[in-house]
Amino acid sequence: MSKPNTTRFTIDLATNLAIAVSEAAAANNMTPEELIGDCVGQHCETALRHRVLIQRQNDVDEAL
């Protein structure tokens, strides 16, 4: 499988958060950039699922 196209962003983190991200990444054999990318991806997926759930709930409410 080919690697998807990527775009680089620069973010500023508080020192204590940067240390926590670096430690978590090291514990999972990842780079901090990979960990941050995974976290953003998971957050977006969760938000999308929540949006779909709310839409389905609204659809059921309208049908009642």
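How far is the sulfur of C44 from the closest cysteine sulfur? The gap is 11 Å, to C39, which is too far for a bond.

## What you're looking at

This is a predicted model: local features need pLDDT of at least 70, side-chain atom pairs count only at pLDDT 80 or more, and totals for chains, interfaces and linings use all residues. Residues are numbered from 1 along each chain as its sequence is written, and side-chain values use heavy atoms, with hydrogens and water left out.

## The cysteines

A disulfide is a covalent bond between the sulfur atoms of two cysteines. Here a pair of cysteine sulfur atoms has to be within 2.5 Å to count as one, and the tally is 0 disulfides.

So how covered up are these two? C39 has 45% relative accessibility and C44 has 47%, so C39 is partly exposed, and C44 is partly exposed as well. (Buried means under 20% relative accessible area, exposed over 50%, and partly exposed in between, with a 1.4 Å probe and protein chains only.)

## Overall shape

The protein chain has 2 helices and 0 strands, counted as DSSP runs (H or I, at least four residues, for helices; E, at least two, for strands). Its C-alpha trace spans about 50 × 35 × 20 Å along the principal axes.
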